[in-house]
Amino acid sequence: MSITYRTGLSALAVFALAAPAMAGNTLIPPGLRVAVAKSAMTVVPSIEWNKLGARPGRNSESWTQDGDDLNDLTFYGGIEAGRPLFREVDKKNQPLPKVSATMLITDIPVLLENSYRVALGAASFKVDLVEPLPFAGNKGVRFTYSFSKQNETLQRRGEARGAVIAGKLYLITYEAPGLYYYDRSAAAFRAVAESVRL
Amino acid sequence: MRTHVAALLLGATVFASGAAGMATGAGDTGRLALPTYSQAYTPTTVDERGVWMEADEDERRLRESPSVIRDPALNAYVRGVLCRTVGDDRCRSVRIYIERVPAFNASMAPNGTMIVWSGLLLRVRNEAELGAILGHEFGHFELRHSVLGFRNRRSGTDLMAWASILIRNSGDIQYAAIGQIYAFDRAQEREADMIGFRYLARSCYPGSAAADVWDHIMGESDATALGRRGRAQHKYVAGFFASHPTELARATYLRAASLGIAEAKSVVVDTHQAAMAAWLPIFLNDQIKLNDFGGSEYILANLAAGSGWTTPLLYARGELYRERGNPRDLVSAAQFYQEAIGRGDAPVEAYRGLGLALLRNQQAAEGQAALATYLRLKPAAPDAALIATLVSQ
Ligand SMILES: [Zn+2]
C-alpha cells in the first residue's frame with residue numbers, strides 16, 4: 001500500500017512513502033524469523049527485502065525490492081475494530097471504511113477494495129480471484145486483484161492473504177505493476193506469506 | 001450575506017421582468033431566445049490556440065482511457081438527450097465521453113469535448129434532469145467561457161468546483177483521465193445556468209428539471225453529513241449561505257425562472273430508466289463502495305421516488321446496509337434482499353448477500369441455507385469455494 005497523500009481540495013501531492021532510498025529504511029535478511037507490523041505476526045523471508053521507514057498506519061509495515069511503487073509487500077498486524085485499514089487520507093470528507101469485529105472472511109477483500117477506492121481514487125478496482133486459504137493456522141482468504149491509481153493508466157496487480165482472528169484483521173498484501181515487476185517478486189512474496197505465524 | 005442575497009434577487013428580477021414583458025405564447029419564443037449559433041468556431045488568438053491544443057491533447061488521452069465507457073447504447077442515449085435539449089445544430093459540434101467516475105460532474109472543453117461522469121447519470125432520474133446539466137455545460141461552450149476564462153482553469157472541475165457538495169468528494173477529481181477541467185467564475189456559472197435553462201425551456205423537457213437537480217444535490221449533501229456525523233448540517237439555510245451561495249442560489253433562481261414561464265408541453269415518453277437498466281447496478285455498486293452511507297441512501301431513495309423500489313435498488317440497498325454492518329443494518333439488509341428475491345428477477349447474488357447478512361447477524365442456519373441456494377444456482381461463482389467454507393462450518 002502506498003498512498004500519495006492529498007492536501008485539501010487541490011491535487012497537490014505530498015509523497016508520504018517514496019523511493020526506497022528514503023531515510024529510515026532497513027534491510028531484512030533472508031532466513032530469519034522476524035516480527036512485523038508492531039504485532040505478534042512473524043514471517044521468514046526467502047530473500048533480502050528493504051523495510052520502509054514510513055508505515056501505512058499504526059499496526060502495519062511495508063517492504064520492497066525496487067521501491068514501493070514497483071513492488072510493495074505490506075503487513076497489517078491485527079487492525080482493531082473501528083479502525084481503518086491504513087491512515088486516513090481525508091478523514092473529514094472521505095473517511096475510510098473501518099474494520100468490524102464481526103467481519104466474515106468474505107468482507108476482507110471488500111474492505112481492501114473500498115479502502116482503495118476511497119484513498120487512491122481507484123475507480124477500477126477489481127477482485128479477480130477469491131479462495132479459502134488458511135492464514136497462520138486460522139481460517140483465511142487469499143485473493144488477487146487489479147487496479148490503477150488516479151490519473152495512471154498503469155495496471156497494477158495485487159495478491160493478498162488474510163484472516164480475522166479474535167476480532168482483529170491480519171492481512172498481507174503484495175502489489176506491483178502487472179507488467180514485469182509483479183512476476184519478478186511474486187514468489188518471494190508467497191514465501192513470506194506462507195511462513196506467517198501468530 | 002446581504003450582498004449575495006441582493007445579487008441573487010437581482011438576477012431573478014432581471015429574468016422575471018424580461019418574462020413579464022412577453023406574456024403571450026409568441027413572446028415565449030422571444031424571451032427564451034438564444035444567441036445565433038455559429039458552427040465550427042476556430043480559435044483566433046495565440047492564447048486561444050494554446051488552449052485548443054491542450055484540449056485536443058486531452059481528448060486524445062481521453063480516447064485511450066480505460067475509464068471511458070464505450071457502450072454504444074449508453075452513448076447514444078446521452079447524445080440523444082443533449083440533442084433534444086440544445087437542438088440538432090448545436091449538438092453536432094459536441095463529442096461526448098462518458099467516464100466511469102462515481103461523482104456528480106460534467107464538463108466541457110472549448111474544442112467540443114464533453115465529459116459526463118457516471119455519477120451524474122446515476123443521480124438524475126429522467127431525461128429532463130440530465131438535459132438540464134448537459135445544457136448547462138453546453139452553455140459554457142456556446143458562450144466560450146472556457147476560452148475567455150482559461151487563465152483561471154486547472155483549479156477544479158466545472159459543476160464540482162462550484163457545487164460545495166462535491167468538495168466532499170473532491171478526491172474524485174483524481175479519478176478523471178484528464179486533470180484540468182475548466183473552472184468558471186460565479187457570473188459565468190449563472191450565465192451557463194440561464195442559457196441552459198433557456199435550452200430546456202425551448203426543448204420538449206420541463207424547465208423545472210434544472211432546479212430539481214440542485215434540490216437533490218443539496219439533499220444528498222445533507223444526507224452525507226448526517227450519515228457521517230450523526231447530525232444534520234442544515235448548511236443550506238442561514239449562515240452557510242453567506243459564504244457558499246451555491247446550490248441554494250442556483251436552485252432558487254432556476255426555480256423562479258421555471259415558474260416564470262407558462263409551460264404547456266405534452267409529456268414525452270422518458271427513456272432514462274430503460275437506457276440506464278444495464279448500467280444502474282454497476283453505477284450503484286461504485287457509489288456504495290465510497291463509504292458514504294447517508295449519501296448513498298439518499299440517492300437510492302431519490303431514485304425510488306421516481307421509479308419505485310425496483311429490484312436493482314433493493315439489492316443495492318441490501319449491499320449498502322450489509323457493508324455498514326451494524327446489527328440493525330444486518331436485519332434491514334436481509335429484508336431488502338428478501339424483497340428483491342420476492343420480486344422474482346433478483347440477481348443470484350441476492351441469496352449471497354442475504355446469507356452473509358444473516359450469518360453476520362448470528363442467524364447461522366438461515367444464513368447457510370441462503371448461501372447454499374446461491375451455490376446451487378451459481379455453482380461456478382468466482383467465490384464459490386470461499387462461500388462453501390461458510391456453509392459447512
Ligand atoms: Zn458550470
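## Briefing: chains A and B

B:H216 lies in helix 11 (residues 209-229) of chain B. The model is predicted. Chain A contributes an open sheet of eight strands, and chain B has an open sheet of four.

**B:H216 and its surroundings**

- B:H216 has a relative accessibility of 14%, under the 20% limit, and therefore counts as buried.
- Leaving aside residues up to four places away in sequence, B:H216 touches B:R125, B:E129, B:Y298 and B:N302.

**Chain A overall**

- Chain A holds two helices and 12 strands.
- Read from the N terminus, the elements follow the pattern β-β-β-β-β-β-β-β-α-β-β-β-β-α.
- Chain A has 198 residues, and 55% of them count as buried.
- Its accessible surface is about 7800 Å², with 57% of that belonging to carbon and sulfur atoms.
- Among contacts in chain A with a separation of 6 or more, 49% join residues 24 or more positions apart.

**The eight-stranded sheet of chain A**

- The strand order is 3-6-7-8-12-11-10-9, and the pairing is antiparallel.
- Strand 3 (26-28) and strand 9 (126-132) of chain A are the edge strands; each has a single partner, so one side of each lacks a neighbour in the sheet.
- From one strand to the next, the twist averages 20°.
- Strand 11 (residues 156-165) and strand 12 (residues 168-177) of chain A run antiparallel and are joined by 10 bridges.
- Within this pairing, A:V164 sits opposite A:L169 of strand 12 of chain A.
- Helix 2 (residues 181-194) of chain A packs on the sheet. Helix 2 of chain A touches strand 6 (49-51), strand 7 (60-64), strand 8 (72-79), strand 10 (141-147), strand 11 and strand 12 of chain A. The direction of helix 2 makes about 160° with that of strand 12 of chain A.
- Chain B also supplies a helix here: helix 21 (residues 384-391) of chain B packs on the sheet and touches strand 9 and strand 10 of chain A. The direction of helix 21 of chain B makes about 45° with that of strand 9 of chain A.

**The four-stranded sheet of chain B**

- The order is 1-2-4-3, with mixed pairing.
- Strand 1 (68-69) and strand 3 (106-108) of chain B stand at the edges; each has a single partner strand, so one side of each has no neighbour in the sheet.
- Three bridges pair strand 3 with strand 4 (residues 113-117) of chain B in the antiparallel sense.
- B:A106 faces B:V116 of strand 4 of chain B across this pairing.
- Helix 3 (residues 46-64) of chain B packs on the sheet, in contact with strand 1, strand 2 (95-99) and strand 4 of chain B. The direction of helix 3 makes about 50° with that of strand 2 of chain B.
- Helix 7 (residues 127-142) of chain B packs on the sheet too, touching strand 3 and strand 4 of chain B. The direction of helix 7 makes about 25° with that of strand 3 of chain B.

Definitions and conventions: Residues numbered from 1 in each chain as written. Chains lettered and ligands numbered in written order. Predicted model: local features only at pLDDT ≥ 70, side-chain atom pairs only at ≥ 80, totals over all residues. Heavy atoms only, no water. Pairing = 2+ DSSP bridges. Axes fitted to C-alpha atoms, helices over the stretch in contact; angles between N-to-C directions. Contact = heavy atoms within 4.5 Å. Buried < 20%, exposed > 50% of the residue type's maximum accessible area, 1.4 Å probe, protein only. Areas by Shrake-Rupley, 256 points an atom, 1.4 Å probe, with all protein chains shown as cover.
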